[in-house]
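Good morning, everyone. Please have a look at the sequence and the structure while I talk.

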Amino acid sequence: MAIKFQKSDKPIKIEGAHDMPPMPAALGSMLFNKTGSWRNVRPVIDYDKCIKCFICWKFCPEPAIKIVDEKPVIDYDYCKGCLMCVEECPKDAINEELEGK
Amino acid sequence: MRLTIPEQEIMSPGHLACQGCGGSLAMRYALKIFGKDTMLTIPACCWAVIDGPYPYTAVNVPLFHTAFETAAIMASGIKAGLEVQGNTSTNVIAWAGDGGTFDIGMQAISGAAERNDDITYIVYDNEAYMNTGIQRSSATPHGAWTTTTPVKHYKKGPKKNMVEIMAAHRIPYTATASVGYPEDLRKKLERAKNTKGFKFIHILAPCPTGWKTDPRYTVKLAKLAVQTNIFPLYEIEDGLHYKQNMKIKERKPIKEYFKYQGRFKHLPEDEVSYLQDQVDKNFEILSLKFE
Amino acid sequence: MKKTMMGNYAASWGAQLSRVQVIAAYPITPQTLIVEKLSDIVADGELKAKFIKVESEHSAMAACIGASSTGARAYTATSAQGLALMHEMLHWAGLARLPIVMANVNRAMAPGWSIWADQNDSLSQRDTGWMSIFSSSAQDILDSTIISYKVSEKVLLPTLISFDAFFLSHTVEVVDMPEQELVDKFLPPYKPEYKMDVNDPRSFGALTDEQYYYEFRYKMQEAMDQAIDVIKETCREYEEITGRHYDLIHAYRCEDADMIMVTSGTIAETTNVTVDTLREEGHKVGNLQIRYIRPYPKKDILAAIGGAKKLAVIDRNISPGYSGIFSQELKSALYNEIDIPVRSYIAGLGGRDVKIEDIKDIAYNALEHDEPNDLIWKGVKK
């Protein structure tokens with residue numbers, strides 16, 4: 001029986017060869033890797049200015065911007081802080097905040 | 001809510017691309033269009049790492065990692081394996097960087113194109129061997145700094161014209177695209193998905209790490225490359241019928257594109273004007289082919 | 001059904017009877033007849049397979065890997081330079097644990113250009129994780145192809161079947177072809193647990209760091225160890241339906257032999273005949289034919305050597321700077337186990353014929369001398 005692929009955001013536990021398929025076949029999702037820790041500047045959407053054009057969503061390379069209730073919402077677990085959304089926002093509706101302040 | 005590209009996300013976040021990676025944006029778009037009934041093969045390139053280390057993956061479609069020079073033939077082999085088992089619907093994509101396409105993968109891509117194998121070959125072109133640390137490839141443009149073309153000895157000679165080479169194979173569909181224009185890219189991916197035979201899509205994918213740019217400018221640069229005619233958007237049917245997809249009313253000077261990029265910072269004025277001349281000439285020749 | 005055929009065609013028909021589904025190949029002498037025949041077989045609709053006419057051997061192996069990763073049965077054939085060009089992908093097939101079967105017509109490496117028999121090509125691929133057979137007759141080639149798919153698909157390791165250029169590839173022999181129904185019963189369709197499947201999307205072969213790479217190598221070795229029993233079991237099953245016996249080694253008149261010659265490929269067949277002649281002369285000699293060099297049948301070899309007093313290895317190959325490769329393998333197997341002199345002979349490189357008289361000379365030389373010797377060039381014109 002093939003080892004089941006785990007779709008969650010939890011790391012895979014491997015103790016040894018007996019937990020591994022014969023070949024390097026993936027067992028889980030990269031979702032466990034919370035790349036939000038890479039970020040030093042945080043993009044913050046100002047919903048008063050946001051016109052819901054979803055350009056920020058469109059250009060997010062992670063993707064770390066979700067559409068929730070017809071609004072773009074940044075998922076800070078994964079946002080790496082490239083700030084492409086800030087640059088591309090036609091309404092300057094995304095502000096930059098330094099992390100760790 | 002009006003979205004210009006499909007809402008479905010197949011690629012997961014958590015992947016290992018650098019901040020502002022044009023290549024990961026390209027993959028996100030490709031999977032949105034091609035959907036779940038897709039298989040990928042990826043040779044050595046940034047994406048060999050981006051997808052994540054064993055035992056993880058981020059693309060959520062079957063992916064076979066392969067040797068540097070084999071993207072095209074690996075896809076052909078996968079397609080043949082599926083077809084002989086009665087599966088003619090699954091899309092098979094060879095997804096490679098510029099080094100794996102323009103250089104070491106040239107033989108296999110030419111073979112698969114000549115046989116007109118039913119696969120889509122997508123090159124996400126970041127114009128150097130970025131994964132190994134920014135060495136020049138034959139996709140590196142004239143003038144660029146890389147770690148093997150230092151500023152005192154920057155890349156001389158033009159970027160290899162891969163699109164023309166593919167068109168010369170008379171494959172059913174060849175196109176250029178830019179991550180700066182996802183709506184245009186979407187049409188091309190859909191076209192490739194619905195065309196039988198060998199499809200080649202050349203996507204310009206800016207690389208903040210290798211181009212020495214601020215990650216926030218990836219999309220801006222992907223657009224500027226088009227707006228300056230450095231990377232015109234067009235498609236070719238059967239290697240013969242050229243169609244321009246985005247007409248640039250007033251092309252911007254290449255300086256506009258260069259100024260954001262550290263890799264061109266060393267270029268003297270006369271070299272920049274030589275390059276401007278080259279870009280304009282290249283576009284003039286290309287324009288003659290547009291129907 | 002008995003048919004006369006060249007060794008090459010025995011490979012083609014072995015592949016056909018195994019119902020291979022994807023064939024990818026590139027022309028190289030003396031292999032080309034194998035895939036020419038297969039392209040006819042596929043074109044005539046006698047085999048439901050895709051034949052990809054690739055642009056290089058490197059791509060031939062890559063295509064087989066791609067096809068096999070989806071669960072299709074894949075086949076290719078090559079020789080010498082072609083096999084060398086595949087080298088990178090042989091490792092890939094091995095570590096991806098794909099049960100591809102490939103024929104390699106043993107041909108000398110260039111330069112100078114040579115198309116003639118020599119085992120250096122396949123022995124250079126010894127450490128790629130492939131099971132590796134040296135066949136010695138057309139029947140052996142056909143049967144080994146069918147048996148190898150079953151073994152490979154069980155242990156998830158590819159198999160390389162090598163045989164000598166022209167001496168076997170182009171020599172016509174009588175071959176008993178098993179009925180397709182019989183083969184179908186023996187060799188069911190390949191159903192891997194892990195494969196490229198949109199309903200179970202995984203990546204294969206991602207960046208694998210030291211935490212895990214080591215264990216994958218360990219698992220490969222486990223599979224090789226397990227393969228020894230699987231090969232024996234599969235050969236027994238095959239014998240039940242065909243009456244033909246195969247094993248990892250073939251020991252001929254070794255039981256009471258004082259001196260055993262250790263051989264492979266077509267030289268083994270010639271040596272069997274020579275052994276009969278030498279026995280008539282009163283020499284108690286035997287012939288130990290090594291069929292599998294990977295997995296290496298150490299236990300079987302030691303058992304077959306039994307109480308012999310001396311060994312003479314004949315290698316149609318050389319590891320320059322040391323000695324013949326079968327000889328090295330044999331000596332490492334003997335170490336700490338059996339302490340008898342080994343005399344190692346090189347013969348027949350680049351297709352030079354190794355006749356009964358040559359093997360007799362080697363036997364006499366080995367019978368006369370009791371001291372071990374790592375490297376004796378039989379028939380070299382110094």
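I will go through a helix pair, a nonpolar core and a chain contact. One thing before that: this is a predicted model.

Start in chain B. Take helix α1, residues 22–34, and helix α7, residues 182–193. How do they meet? Their axes come within 9 Å and cross at roughly 45°. An angle between 35 and 65 degrees counts as oblique. Therefore α1(B) and α7(B) are oblique to each other. Their crossing is right-handed.

Which residues make this contact? From α1(B), we have Tyr29(B), Ala30(B), Ile33(B) and Phe34(B). From α7(B), there are Pro182(B), Leu185(B), Arg186(B), Leu189(B), Glu190(B) and Lys193(B). Sort them by class. You get 7 nonpolar residues, 3 charged ones and no polar ones.

Now the core. The largest nonpolar core has 247 residues. Which of them touch the most other members? Ile203(B) and Val22(C) do. And which element gives the most to this core? That is helix α3 of chain B, residues 71–84, with 9 residues.

Stay with Ile203(B). Leave out residues up to four places away in sequence. Ile203(B) then touches Ala26(B), Ile122(B), Val123(B), Tyr124(B), Asp125(B), Ala177(B), Ser178(B), Val179(B) and Leu185(B).

Last, chains A and C. Their contact takes 13 residues from chain A and 19 residues from chain C. What is the chain A side made of, by class? It has 12 nonpolar residues, 1 polar residue and no charged residues.

That is my tour. Thank you.

Note on methods. Residues are numbered from 1 along each chain as its sequence is written. Chains are lettered from A and ligands numbered from 1 in the order in which they are written. This is a predicted model: local features need pLDDT of at least 70, side-chain atom pairs count only at pLDDT 80 or more; totals for chains, interfaces and linings use all residues. Axes are lines fitted to C-alpha atoms, for helices over the stretch in contact, and angles run from 0 to 180 degrees between N-to-C directions. Helices (H or I, at least four residues) and strands (E, at least two) are DSSP runs, numbered from the N terminus. Angles under 35 degrees count as roughly parallel, over 145 as roughly antiparallel, 65 to 115 as roughly perpendicular and the rest as oblique. A crossing is left-handed if the near helix is turned anticlockwise from the far one by less than a right angle, and right-handed if clockwise. Two residues are in contact if their C-beta atoms, placed from the backbone, lie within 7 Å. Ala, Val, Leu, Ile, Met, Phe, Trp, Tyr, Cys and Pro count as nonpolar, Asp, Glu, Lys and Arg as charged, and the others, Gly among them, as polar. A nonpolar core is a set of buried Ala, Val, Leu, Ile, Met, Phe, Trp, Tyr and Cys residues joined through C-beta atoms within 7 Å. A residue is buried if 20 or more other C-beta atoms lie within 10 Å of its own, exposed if 12 or fewer, and partly exposed in between; C-beta atoms are placed from the backbone.
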